[in-house]
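Here is a short report for a reader meeting this structure for the first time. Take a look at the model, then read on.

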Amino acid sequence: MQTGRLIVFTGPSGVGKGTLLRSLLKHHPELELSVSVTTRLPRPGEIDGQHYYFVSIEEFEEMVKHGELLEWAQFAGNYYGTPRRPVEKLISQGKCVILEIELEGARQIRQTFPTALRLFILPPSLCELEHRIRGRGQDSEDSITRRLRRAKEEIEAANEFDIQIVNDDLETALKNLEAALFARC
Ligand SMILES: Nc1nc2c(ncn2[C@@H]2O[C@H](COP(=O)(O)OP(=O)(O)O)[C@@H](O)[C@H]2O)c(=O)[nH]1
Ligand SMILES: Nc1ncnc2c1ncn2[C@@H]1O[C@H](COP(=O)(O)OP(=O)(O)O)[C@@H](O)[C@H]1O
């Protein structure tokens, strides 16, 4: 694997990005996962500084104003962004850093880091995607509706990405993900 590379990991809410990344990082501890900042409220079990840095809207806007975010976007009524400094530090140390971000953020990274490897995770179907979001049992009805509406827009943009992986069978998707990363990263 080459060193010092940014990897962008995008796909609709509920497609299994978090599930795939947890497994990938368990097998490849040398990969680094960027911890984002969000104004979303923590879900049960989410830990500040581990899953996200949970901040107020005012704190988020200050970070934007001071150029502290590498990219940022609004998603389903909340702000999300990537803290710039830790990512730049890890890249300069030769690490491969993964950003798990939505479409607008991925588009920003395409402009600022054109050499980033950009992967898009697809669901086997929209029906299965809805089933997974509901099965996760973490989101309100309003939040589910917003996520599904956004999912359709995101899926239409999948071909903007370098690699598309369908997360149908989890083990197969993980193998395809590893093959894509370790052949090209
Ligand atoms: N642009 C951007 N998107 C992010 C960032 N962090 C998370 N996201 C995306 O925001 C969306 C919502 O994330 P989250 O509320 O955790 O819901 P989930 O993806 O359904 O588990 C997902 O598509 C994430 O990939 C970030 O730093 N920047
Ligand atoms: N290949 C798969 N087959 C069936 N269920 C899956 C698969 N991948 C993930 N899931 C389930 O789908 C739900 C959403 O996964 P999650 O990783 O939270 O998605 P995301 O991070 O993309 O929002 C979780 O309940 C997870 O266990």
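What follows describes the surroundings of two ligands. The model is predicted.

**Ligand 1**

Start with ligand 1. It sits in the largest pocket. Around ligand 1 there are 18 residues. The closest are S13, R40, Y52, Y80 and E100. By class, this shell holds five nonpolar, five polar and eight charged residues.

Y80 places a polar side-chain atom 2.5 Å from an oxygen atom of ligand 1. E100 also has a polar side-chain atom 2.5 Å from an oxygen atom of ligand 1. G81 takes part through its backbone: an N or O atom there lies 3.0 Å from an oxygen atom of ligand 1. Alone, ligand 1 exposes 570 Å², and the protein buries 95% of that.

Which strands each supply at least two residues of the shell around ligand 1? They are β5 (69-75) and β6 (78-83).

**Ligand 2**

Now turn to ligand 2. The space that ligand 2 takes is the largest pocket. Its shell has 13 residues, and G14, K17, T19, R136 and D168 come nearest. Three of the shell residues are nonpolar, six are polar and four are charged.

R136 brings a side-chain N or O atom to 2.8 Å from an oxygen atom of ligand 2. At G16, a polar backbone atom is 3.0 Å from an oxygen atom of ligand 2. L170 has a backbone N or O atom 3.5 Å from a nitrogen atom of ligand 2. On its own, ligand 2 has 570 Å² of accessible area, and the protein covers 73% of it.

Which elements give two or more residues to the shell around ligand 2? They are α1 (17-27) and α5 (126-136). The most comes from α1, with three residues. K17 and T19, both among the nearest residues, have numbers within the α1 range, 17-27. R136 is also one of the nearest, and α5 runs 126-136.

**Contacts listed together**

| Residue and part | Ligand atom | Distance |
|---|---|---|
| Y80, side chain | ligand 1, oxygen | 2.5 Å |
| E100, side chain | ligand 1, oxygen | 2.5 Å |
| G81, backbone | ligand 1, oxygen | 3.0 Å |
| R136, side chain | ligand 2, oxygen | 2.8 Å |
| G16, backbone | ligand 2, oxygen | 3.0 Å |
| L170, backbone | ligand 2, nitrogen | 3.5 Å |

Methods:
Residues numbered from 1 in each chain as written. Chains lettered and ligands numbered in written order. Predicted model: local features only at pLDDT ≥ 70, side-chain atom pairs only at ≥ 80, totals over all residues. Heavy atoms only, no water. Near = heavy atom within 4 Å. Polar contact = N/O pair within 3.5 Å; in protein donor to acceptor, adjacent residues only side chain to side chain. Areas by Shrake-Rupley, 256 points an atom, 1.4 Å probe, with all protein chains shown as cover. 1 Å grid on protein atoms, 1.4 Å probe; cavity = no way out; pocket = protein on both sides within 12 Å on 5 of 7 lines; lining within 4 Å. Sits in = over half its atoms within 2 Å of the grid points. Helix = DSSP H or I, 4+ residues; strand = E, 2+ residues; numbered from the N terminus. Nonpolar A, V, L, I, M, F, W, Y, C, P; charged D, E, K, R; others polar.
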